[in-house]
Amino acid sequence: MDLIVEGIWKALLLLFTLDPEVLSITLLSLAVSGAATLISLVLGVSLGFAIALTEFRGKKFVISTINTGMGLPPVVVGLFVSIFLWRNGPFGFLGILYTPLAMVIAQTIIAAPLVMGITVAAIQHLPRNLRYQILALGATRLQMMRLLVREARLPLLAAVMAGFGGVISEVGASIMVGGNIKGYTRVLTTATVMETSRGNFDIAIALGIILLALCFIINAVLTYVQQRERPR
Amino acid sequence: MNSIQSSAGLLEARGIKVLRGGFPVIDIPTLLVEHGRVISLIGPNGSGKSTLMLALASLLKLHQGSIFFHGQPIDSSAARAAYRKKLAMVFQEPLLFDATVFENVATGLKIRGMKQQEIDQTVEEQLARFGIGHLARRSARKLSGGEAQRTSLARAFAIRPEIIFLDEPFASLDPPSRDSLVDDLHAILRQTRTTAVIATHDRMEALRLSDILAVMFAGTIVQTGTPEEVMNRPADEQVAAFVGTETILSGTVAKTYDGTFAVCIAGTLLEAVGEVKKGEEVVCCIRPELVTISTDTPIGHSSARNTFTGTIVKISPLGLFYRVYLDCGFPLVAYVTTQSLKNLGLKDGTRVTASFKATAVHVIKK
């Protein structure tokens, strides 16, 4: 019991003294997962729209592949990104394994299907004739996309939350392609794993609290945006 | 359709075909919508009305043929974009955006980059016109069916379209809101002189709103004409089965009494019940089961106010009944049982007396 109480006490101390190492780990976590979410959003929403709005052979197969991708195990992603970026691998010449960039790539592969899958479902859920209605109002394709995004804003923000939540809390791929290098690729999850294995529970608890708080704050902000401006 | 330059045609379809799974779902050799006219596409469900509407609005890929607007073919993406800015469309579902009523009605204007001040003014006008001014700030998600469809219509009329397509706009409304909306739309179409194409399976709605009826079956138009022409002289049996169940006559109110009045139809006076003004244009509908036929010559006055002599033009079997087409100086349709047909010895050319009560005449004010 002492272990936990003391751990929480030390954790709070680390938090309130703004320990520089803890701070840099937190900022890197935000930067890597934020970048991955942003890229996933651009890729996922645009491809999701294209898939939902066009009719082609094998559309159902593509959609079920994306839906499978929504549950991609991070370690498997980590494994394949590692192989591709390995010194002798196809993209080894880039020399980006064990860099934050490699982590962004891995996390994007995890988050993009989540965003894409939710986008496809959200757009398909809109009434069939809505697209015709918007075009008949004289909208260009771009204006139509904007109106559809506005119509589907609730599920699309849910997609952002799911994507970000998925990658900020992910550890397997980050540790495999990032390598948990101190001051370079160490993020909240990989640091928590390491400190726990070393028995430094106070630091681990502090990192855990930060991770939870981050998830909560970001989801709270997005939820606020999502629920705001709904006409009463 | 010899001349390339069509005179009063605002919208014209020539040889258009839409295929689905290799089969034509729309096959229209020619369709002309004249400027300022209201044309109704009527036909049973699944006859291709909605698909034709989308095709006419250039929202659907044509596999063959072209659409002409103001005589110009809509054959490039630039022409299509320009054409779509001049039309408006209302569907059976209101398809409103998750925003306020005001914002919904403003959507088409915002797309056109109109100034906020002009938008405000135009939207206010349309809201007032459709009687929904008090709902401006209400969420579109919290409207009744009738209110939502009024919002959708206001959004369509706000852009001052040259042509408006209405696809079963009243089909999902309950009878009271439907009646009042049909009345309002009728008045607004007249007032704005907007050319309109309306798809409906409701004959009475079509009759009330349109100048021209086009009857659709299986993806093609089988008859086009004024409501009277189509209703009274259906081109074939399937059209007759769909539209020709009533006699439709238009005339002018000649005299009014207390609660009853006389309508002059092609020189013949017909009595009906209702409140109308002298000189008013009306359409009279007479249900065939309310018309009785006898071979006696009329003696004095029977209890039926309307008694006419006429000749049988055509008799067509209809299960237990026969549908008998009469010429009484105006066309009249009656149902006769198989028994009566035999007893009276009715056949083409037989002189008969047809009668119906004044209350059997259903009057529609034009």
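Helices (H or I, at least four residues) and strands (E, at least two) are DSSP runs, numbered from the N terminus. This is a predicted model, in which local features need pLDDT of at least 70, side-chain atom pairs count only at pLDDT 80 or more, and totals for chains, interfaces and linings use all residues. Residues are numbered from 1 along each chain as its sequence is written, with chains lettered from A and ligands numbered from 1 in the order in which they are written.

**View 1. Fold of chain A.** Chain A contains 11 helices and 0 strands, giving the sequence pattern α-α-α-α-α-α-α-α-α-α-α. Its C-alpha trace spans about 65 × 55 × 25 Å along the principal axes.

View 2. Of the 232 residues in chain A, 38% are buried (20 or more other C-beta atoms within 10 Å of the residue's own, with C-beta atoms placed from the backbone). Where contacts (C-beta atoms, placed from the backbone, within 7 Å) in chain A link residues at least 6 apart in sequence, 77% join residues at least 24 apart.

**View 3. Side of chain A that touches chain B.** The contact draws 15 residues from chain A and 21 residues from chain B. Helix H6 (130-136) and helix H7 (141-151) of chain A each supply at least two residues of this side of chain A, and H6(A) gives the most, with 5 residues. By residue class, this side of chain A comprises 9 nonpolar, 4 polar and 2 charged residues (nonpolar: Ala, Val, Leu, Ile, Met, Phe, Trp, Tyr, Cys and Pro; charged: Asp, Glu, Lys and Arg; polar: the others, Gly among them).

**View 4. Confidence in chain B.** The average pLDDT (the predictor's confidence in each residue, from 0 to 100) of chain B is 89, and 95% of the residues score at least 70. Over residues 1-6 of chain B, pLDDT stays under 50. The model scores ipTM 0.78 and pTM 0.78.

Key. Buried ≥ 20, exposed ≤ 12 C-beta atoms within 10 Å, placed from the backbone. Contact = placed C-beta atoms within 7 Å.
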